Amino acid sequence: MSGIHDFIENEVKTNDVVLFLKGTPEFPQCGFSGQVVQILNHVGVDYKGIDVLADADIRQGIKDYSNWPTIPQLYVKGEFIGGCDIVREMFQAGELQSHLQGLGISVKGAA
């Protein structure tokens, strides 16, 4: 299992923004993953999507890694941000955009 942990940790630490989701950013396979993809696309941030449905070890591994039971999971600069509800609330409050910018990540249409 440590191989999966190392893989996840490497992805989280080497990409500024990583979304672990069901499906791909182009074809999300669940509504919650789709919502987060839409938000990230709307914000205009570059991110890496990792399909947890492609690998059961990753699917379970990311839950263990974050100690968070659901997918999608969004990571920014190595930090676990949250799942769909948290990302949506942050986005609606304008906090997601300012958080990304505060970490030096460019977003489009920034105020």
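In which kind of crossing, left-handed or right-handed, does H2 pass H4? The close-up views below, all taken from a predicted model, begin with this helix pair.

**View 1. Packing of helix H2 against helix H4.** In this predicted model, H2 passes H4 in a left-handed crossing. The two helices H2 and H4 pack with their axes 9 Å apart and at an angle of about 30°; since angles under 35 degrees count as roughly parallel, H2 and H4 are therefore described as roughly parallel to each other. From H2, the residues Phe-32, Gln-35, Val-36, Ile-39, His-42 and Val-43 take part, and they meet Cys-84, Val-87, Arg-88 and Phe-91 in H4. Sorted by class, the contact of H2 with H4 comprises seven nonpolar residues, two polar residues and one charged residue.

**View 2. Packing of helix H4 against helix H5.** Here the axes of H4 and H5 lie 5 Å apart, and the helices pack at an angle of about 90°, which makes H4 roughly perpendicular to H5. On the H4 side the contact is made by Val-87, Met-90 and Phe-91, while H5 supplies Glu-95, Leu-96, Gln-97 and His-99. Four nonpolar, two polar and one charged residues make up the contact of H4 with H5.

**View 3. The largest nonpolar core.** This core has 20 residues, and those with the most contacts inside it are Val-17, Leu-19, Val-45, Leu-74, Leu-96 and Leu-100. Two or more residues each come from strand E1 (17–21), helix H2 (31–43), strand E3 (73–76), helix H4 (84–92) and helix H5 (95–102), and of these elements H2 gives the most, with five residues. Leaving aside residues up to four places away in sequence, Leu-100 touches Val-17, Val-43, Val-45, Val-76, Ile-105 and Val-107.

**View 4. Surroundings of Ser-33.** Ser-33 lies in helix H2, and, because its relative accessibility is 0%, Ser-33 counts as buried. When residues up to four places away in sequence are not counted, Ser-33 touches Leu-21, Lys-22, Pro-28 and Pro-72.

Key:
Residues are numbered from 1 along each chain as its sequence is written. This is a predicted model: local features need pLDDT of at least 70, side-chain atom pairs count only at pLDDT 80 or more; totals for chains, interfaces and linings use all residues. Side-chain values use heavy atoms; hydrogens and water are left out. A nonpolar core is a set of buried Ala, Val, Leu, Ile, Met, Phe, Trp, Tyr and Cys residues joined through side-chain atoms within 4.5 Å. Buried means under 20% relative accessible area, exposed over 50%, partly exposed in between (1.4 Å probe, protein chains only). Helices (H or I, at least four residues) and strands (E, at least two) are DSSP runs, numbered from the N terminus. Contact means heavy atoms within 4.5 Å. Axes are lines fitted to C-alpha atoms, for helices over the stretch in contact, and angles run from 0 to 180 degrees between N-to-C directions. Angles under 35 degrees count as roughly parallel, over 145 as roughly antiparallel, 65 to 115 as roughly perpendicular and the rest as oblique. A crossing is left-handed if the near helix is turned anticlockwise from the far one by less than a right angle, and right-handed if clockwise. Ala, Val, Leu, Ile, Met, Phe, Trp, Tyr, Cys and Pro count as nonpolar, Asp, Glu, Lys and Arg as charged, and the others, Gly among them, as polar.
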